[in-house]
Amino acid sequence: MTPPTSTFVVTPGGASVGGSQSARPGSEPRRRPRSTEPRLGRLVVRSMVVIYLGLFIALPVGAVVRMGFRKGLSAFGAAIVNPDTLSALGLTVQTSLAMALINAVMGTWIAYVLARVPFPGRRLVNALIDLPFAIPTLVTGVMLVVLFGPQSGVGIWFDGHHLRLMYARPGIVLALLFVTLPFVVRAVQPLLLDLDTGQEEAAAILGASPWRIFRQIILPSLWPGIRTGTLLSFSRALGEFGSIVIVSGNIPRRTLTAAVLIYGEIESGHPEAAAAVSTLLLALAFTLIVVVESFHRKAQAGHGIA
Amino acid sequence: MASPSGSVAGSGGGSIVVVWSATDSGAIPTSAPPRLLAPSERPSPRPRAGARTWQRWVGRAFVLGVPLAYLAVLLVGPLLAVVAGAFADGAGAFLGAVTSRWALHGFAMTALMSGVAIVFNTVFGVAIAWTICRDRFPGRAALGGLVDLPFAVSPVVVGLMAMLLFGRQGWFGPALAARGIRVLFAWPAMALVTTFVSLPCVVREVTPVLEAIGVNEEEAARTLGASRAQTFWRVVLPNIRWGILYGIALTAARTLGEFGGVLLVSGGLAGKTETATLVIYRHLEERQDQAAQAIAVVLAMASILLLLAMELLKTKRDRDLDSAGRTR
Amino acid sequence: MWSTVKRAPPSTHSAPGARLGLPGLALLLLGIAGCGGAAPTQSLTETLTISAFSVVREPYDRAILPAFTRWYREKTGTTVEVEASYGASGAQSRAVVEGFEADVVVFSMSDDVERLRRAGLIRHDPEAGPHGGLVSHSVVAFAVRAGNPKGIHDWVDLTRDDVTVLTANPSTSGGAIWNIAALFGAASREPTRSLSGGASPAELLRRVLRRVEIMDRSGRDSVQTFERGMGDVVLTYENEILVGQRAGQTYEQVTPRSTLRIDNPGALVDVYVDQHGRRAVAEAFLAFLQTPEAQRAFATYGLRPIDPGVARETQGRVAPVADLFTIRDLGGFSKVKAQLFSPTGIYTHAIEEAHAK
């Protein structure tokens, strides 16, 4: 049985999931770390950090928000509450949600298989999972169009059935699935690996089917990972641009997503509108992050960690 | 550890009631002994060996087959398509494409962007992680959320940010232009965008390690008379070095593939302000698909190497975490 | 940390062979070493920055720029390195306004040049030069699949239910604006008007837009989407079609009876040119674009020369147009843009109605 390690999952390009540290068996509860630095040292580092984050994050976000409201509150509202924008936002949320749900299921499934089902080439597959982080989103888009577009076998089959894969919503979901593939898998894997197989073995001996074992013993432990991974992939998908601009038709109110809408507004000289929609996306992203953080902190608190 | 107490409370009949807490992983369950099952709840006798084996194989094929098919279609298929495309005109054409002046400049540019991002995000990343873990001040929690923000921001928005700050009518644009400093449509803006999108990488790697190792060693060093700097260099840094390296590898992997943000702020000057991803984009526009895919393959290979390195580092980092636990 | 204006290393634009790209460090050092914004010291090398629209990438990269470098060196003994950026015309224009320091711009339409004048970057009248500031011509045409299986011959065919149309997005692409303007203009001319049953331009526009499936960012992107198998017809510049065919594409060009002449302007950007001290080179470049040598290069890549002599020479290369009208016939660009693309414009309404669900 492996000693418990930190469940901190960091996926390349994706946010980390919780950095909780449980108490070791038989150890005392960890002390709340006290600042050990003299005042001045602490102040210096703290100001360095605050200035860096302030310059790097707060300032740009502020610039966007300010531009969004530059023509006043009503203009901000008009930029968002108009059919094109609302439809783009709706499409973005719908496709991201669809992707997130599929990802939750498949990601968990893949993690389970990698952890529990030995098969030749398992290590290779495991390494490949992270590949979407390495492929520029642009290349993803082109790859998918080449593979599934109208000139491919798949595309022709789809056309024959009067369905559209590329340049339509399914294509968008497909691109998002590729790009966020590692998120759920990498969030769930460490939880799986840290599970004590003793429980599962006991259940198997007592006659439970693998599905039942999974559902009742394994799955409950995985929820935090699934939740976080899904949330992260969802928030990542909201802002996806490079692949969508290639695989989607970008028709307003049909296949135009929020990020591409913002891009169009920038390029057609409407920075206020672009900034207004960006502000909305930023607010959404920040909310999602806070939600993830609060889950993480709840998990930490559950272990008696400060 | 792996998440909160795993109480497997079964509902309904026939389920096994086991309760254990995370602190007791592997220890004997401390709850009430399993209750006696009523006759109707007892598991049914096992099916005959032959049938069960067949069932099991089919079940296993399904459980294994579906995700593998999924990965084959979603991941492997497109990858193979790109590799095939890259070598469509032979190995010679492949080599020619990846050693052309455009490609080499693109790789150099990507390396520069990565380098800048790594340097800044490592230095400040460690500082930020330190502040989150060790310092106490109001608003510390908000810092954590702020740090994670770049991961969720769309690259278009990042480009917009750069334009709003450094454009001709931007906040800093005119002041910088007056001094002849060009940020937008030159490599500084690209470096800023790249640094922004990879900002959380190192922080998120170092934070848990810092949390795990605790302050005991540091306090011990200080009571023994070590200065703050000495404590940091001699005690803290060695403990977190694998976490830092892992974070650097992550940053590198993330910045290799950055596209949307740099597309907006680059200006697209071939041989001047193109990262490898932008070179790919231009080749696609010029109908040089084979060259585009060749460069993409190189990027993918570099990332695979980075991912392998990260696997190695992860083991070392986890070992650090483990040993930190044992020193208590 | 931020660099000063970079000085490019000396090299001709068309340096042959695989040359090692500059390591970023050298760029950094070069940038820091150079003084900000100052005029280049007297040297045998110069740089020229050009911002152009995506569709002329091939003629410029492969013919015009190398020829100009040669020509300039013969004339002045100085080597000039030209750095060119290509993209959707509208987007490129806005980038220049945002701070992309182009010395010379070559755009799809005069409106994109006008934007620079409104921003104060151009201080002269861009239409004062020879040929009204124009550099080349083209026409709006259709590209259809090999053999024209759907039998598309004119604007009215674009309204058929069995036809899928591609065009770029007018909010970013100059080419798309030409497409829409051409459709709009042709609608009130014969034979299109009778063929469409007397439909108003707005109605025709709406019908065609209903058949549009994908709107790419730039003219080039639009054609490449067509090449990837989408759509039955793409509206684009005639020269785009010719360049694609040269690259091995099998699509065919169909020129409608009535179509719009595309006028591409080129202009010098006063503010940046003076800031960089490159006025002489920039003016030489614009002058070069008017020479028969450059005009012939344009013709090789499917553009229609503005030089009448060269135009006569090369007229066999391009399709004759029965009824060629110009933007002036429609009342000029500002009028057309206001009519079509303003918030209450005909196109704005049409696209809403066409895709309303």
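## Contact between the two domains of chain A

In this predicted model, seven residues of domain 1 of chain A are in contact with eight residues of domain 2 of chain A, two residues being in contact if their C-beta atoms, placed from the backbone, lie within 7 Å. On the side of domain 1 of chain A that touches domain 2 of chain A, the residues divide into five nonpolar, one polar and one charged; here Ala, Val, Leu, Ile, Met, Phe, Trp, Tyr, Cys and Pro count as nonpolar, Asp, Glu, Lys and Arg as charged, and the others, Gly among them, as polar.

Domain 1 of chain A covers 41-70 and domain 2 covers 75-301, with bounds that come from an automatic or database domain assignment. The centres of these two domains of chain A, taken over C-alpha atoms, are separated by 29 Å.

Residues are numbered from 1 along each chain as its sequence is written, while chains are lettered from A and ligands numbered from 1 in the order in which they are written. Because the model is predicted, local features need pLDDT of at least 70 and side-chain atom pairs count only at pLDDT 80 or more, whereas totals for chains, interfaces and linings use all residues.

## Contact between chains A and C

Between the chains, 16 residues of chain A are in contact with 17 residues of chain C. The side of chain A that touches chain C divides into five nonpolar, eight polar and three charged residues.

## Helix α2 of chain C

Helix α2 of chain C (residues 57-76) has a kink of about 35 degrees at Ile64(C), shortly before the proline Pro66(C); the bend at a residue is the angle between axes fitted to the seven residues ending there and the seven starting there. Helices (H or I, at least four residues) and strands (E, at least two) are DSSP runs, numbered from the N terminus.

Ile64(C) is also one of the buried residues of α2(C), which include Leu65(C), Phe68(C) and Tyr72(C); a residue is buried if 20 or more other C-beta atoms, placed from the backbone, lie within 10 Å of its own. The buried residues of α2(C) pack against β1 (45-53), β2 (79-87), α9 (238-246), α11 (279-290) and α12 (292-300) of chain C. After α2(C) comes Gly77(C), with a positive phi near 75 degrees.

## Strand β9 of chain C

Strand β9 of chain C (residues 258-268) is largely enclosed by the rest of the structure, because 10 of its 11 residues are buried. Two strands pair if DSSP finds at least two bridges between them. Strand β4(C) (residues 134-144) runs antiparallel to β9(C) and is joined to it by five bridges, with Ser136(C) opposite Asn264(C). Strand β11(C) (residues 323-325) pairs with β9(C) in the parallel sense over three bridges, and Leu260(C) stands opposite Phe325(C).

Terms used:
A residue is buried if 20 or more other C-beta atoms lie within 10 Å of its own, exposed if 12 or fewer, and partly exposed in between; C-beta atoms are placed from the backbone.
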